[in-house]
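I opened a new page for this protein chain.

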Amino acid sequence: MQTESILVLDFGGQYNQLIARRVRDEHVYCEILPWGTSLERIRAGRYRGIIFTGGPSSVNDPKAPVCSQDLFELGIPVLGICYGAQLMAHLLGGAVARAEKREYGRVPLTLDPDSVLFQDLPGQTSCWMSHTDQISRLPRGFRATAHTPACAVAAMENTAQKLYAVQFHPEVEHTPEGRRMLRHFLYAVCGCSGQWQMTAFVQDAIARLRATIGQGRVLCALSGGVDSSVAAFMVHQAVGRQLTCIFVDHGLLRKDEGDLVERVFTEQFDMNLIRVNAQERFLTLLSGVADAETKRKIIGEAFIRIFEEEARHIGKVDYLVQGTIYPDVIESGTGDAAVIKSHHNVGGLPEVISFKEIVEPLRDLFKDEVRQAGLALGLPPAMVWRQPFPGPGLAIRVMGAITAEKLAILREADAIFREEIERAGLGPAVHQYFAVLTGVRSVGVMGDARTYDHVIALRGVTTTDFMTADWARIPYDVLARASERIVNEVQQVNRIVYDITSKPPSTIEWE
Ligand code: XMP
C-alpha cells in the first residue's frame, strides 16, 4: 500500500489511462478501479482523493454506470471529469440535460481564478470538450467556476465538501492548462506531498512480490523485450534464484541479441536462466514456408512446445511471471482480470503449464514508465531503450521462405543500418528501424563483373502508438553511409532501397 494514493474511478472513458498517467507525472501514486467497486474497498484504500473519469453514457439513462452517493460522504476530495462531472451533479440533486449543440474539440474557456483548481491560471484559455449532455442545474452548495460559449457550467465546485467537477478533459494535451489544474487538485485540494518516484514504485513492487511469492517457485518466459526483461528482473530482485527464466532462442533475433540477454541476466545479475538454443528446430519447421501468417503460427506454437518441454524439467512451479503492461490491461476493457498477451512468446502458456497464479508486476505502468522502472532497477540502457521487435523476429523480415543464409545476410545488413542510425544519434527520434530482405534480386556491377544479388530495403518510422506511423526523414548522408557499408560488407547484396510509405496504407513490417 502506498502512503499516498489517488483513486481513479473508471466509468469507461477513452482517456482513463491518461488520467492515471498524469497523476503519476505529478509524483503521486494512483490506482484505477472499475466504477462498481464497493464502498468498503474504496474506504479501505485510504485514498487522498478520487477522480471520476469520463464515459460514453448519459446519467439520465437508467442503465448508466453510477457510484454510491455515500462516496461523497467519506470526506475524500472528488474531481469529476466529463461524465464524472455530470454524475456528481446528478447524484447530488443537480440536473443534467442534453445540450442544444454537441460540443466537440478545442473551445475557448473562461475560468474563475478564485477557484483553487484554477489559481494562477489565465482567466481565458482553452479546453478539450467531448460531450452531448451537460450540467443544466447546479446541485445545492455548488457554484459554477468556468464556462465556454456553449456550456454555462464547464466547471463547478463545493469547497466545503471538497467536491470539484470539470466538463472538459484536463488530462489531454489539447487542454493547455490541464496539467496545472490536476496538479492543483492533487496538491492544493487533496494535500498530496508528491513523494512518489519510480524508485518507490519499484521498491514497493519488490516488497509486494516477496510477500506474495514467499518460498514459492516462479517461472518466466523471457523474450529479451523490455516488458518481460523488466518484469523478470523485478521478480529476481524479490526472490532471487527461486525464479527460473526460460529464454527460447529461436534463431530469429537480431545480431548478438541472444548473447546480450544471456550475458546480462546470467553474468551481470546471476539469474537462473535457461537458454534453449532452438535455432535448428525453428529453421526446420519453417523450411519452405512462405506465408507470413503461417510463419507466425508455426513460431508461436513451437515456442510454446519448447517452453513446455523445458518447464517440465523444472517441475512444479507456483507462479508464472508476465510482462503485462497497462495498455494491455486497458485493451481488455474495464476492470478485467489478468490479460494474457497475445504475443506468440507468452500467449497460451498458462493453459499448458500448471501454476497457482500469474504475477504481473508491471500491470499499472505505461511503456515509458516501464523503461523508467527498468533504469531504476539498474538494467542496462541498451535493454531498457530497446525498440519494439516482433515476436516472430527476422522471420517476418525475410520475405517468403526463410533459410539460414538469408537470415545471416539480413542480420548483417540490419546491424549495419542500426549502427549508423545510432552513431548519428538518431536512435531516440526514429522509433523503429530495421532492414528487410525483400526477396527481390537485381542486376548490379561489381569490379567489372555483373552481379545478380539481393535487394535490401531499409525502414525507419516515427510513431507514438505504432497504430499509425510516418516514414522517418533520415538524413541522406546517414542513408548513404548505411547503403555503402551494406553493399561493401555484406556478401550477396547489391542494391539498397529506403521505404518511404507511411502507415496506413502500409504497415511498419513488410509481412
Ligand atoms: P505493423 O507491421 O502491423 O506493426 O504496422 C506494428 C508494430 O507491431 C510489431 N509487430 C509484431 N509484434 N508479433 C509481435 O510481437 C508480431 O507478429 C508482430 N507483427 C508486427 C511491429 O514490429 C510494430 O512495432
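Before looking at what covers what, I note that contact means heavy atoms within 4.5 Å. I also note that the model is a predicted one.

**Entry 1: what covers the helix α1.** I looked up the surroundings of α1, which runs over residues 16-25. Its buried residues are covered by elements that include the strands β1 (5-10), β2, β3 (49-52) and β4 (78-81), along with α4 (178-189) and α12 (367-377). I counted seven buried residues among the ten of α1, so the helix is mostly covered; buried here means under 20% relative accessible area. The seven are Asn16, Ile19, Ala20, Arg21, Arg22, Val23 and Arg24. After α1 comes His27, with a positive phi near 65 degrees.

**Entry 2: the whole chain.** I stepped back to the protein chain, which has 15 helices and 18 strands. Its C-alpha trace spans about 85 × 55 × 40 Å along the principal axes. Of its 511 residues, 56% count as buried. I also checked the contacts with a separation of 6 or more: 74% of them join residues 24 or more positions apart.

**Entry 3: the domains.** The domain assignment lists domain 1 (5-189), domain 2 (198-384) and domain 3 (403-498). I took the first pair. The centres of domain 1 and domain 2, over C-alpha atoms, are 38 Å apart. In this pair, nine residues of domain 1 are in contact with ten residues of domain 2. The two domains bury about 880 Å² between them, and carbon and sulfur atoms give 54% of that area.

**Entry 4: polar links across the interface.** I found two salt bridges listed between domain 1 and domain 2. Arg21 forms a salt bridge with Asp368, where the closest N and O atoms are 2.9 Å apart. Two residue pairs are in polar contact between the domains. On the side of domain 1 that touches domain 2, α1 and β2 (29-34) each supply at least two residues. The largest share, four residues, comes from α1. By class, that side has four nonpolar, two polar and three charged residues.

Notes: Residues numbered from 1 in each chain as written. Predicted model: local features only at pLDDT ≥ 70, side-chain atom pairs only at ≥ 80, totals over all residues. Heavy atoms only, no water. Domains from an automatic or database assignment. Buried area = accessible area lost by both parts, 1.4 Å probe. Salt bridge = Lys/Arg side-chain N within 4 Å of Asp/Glu carboxyl O. Polar contact = N/O pair within 3.5 Å; in protein donor to acceptor, adjacent residues only side chain to side chain. Nonpolar A, V, L, I, M, F, W, Y, C, P; charged D, E, K, R; others polar. Buried < 20%, exposed > 50% of the residue type's maximum accessible area, 1.4 Å probe, protein only.
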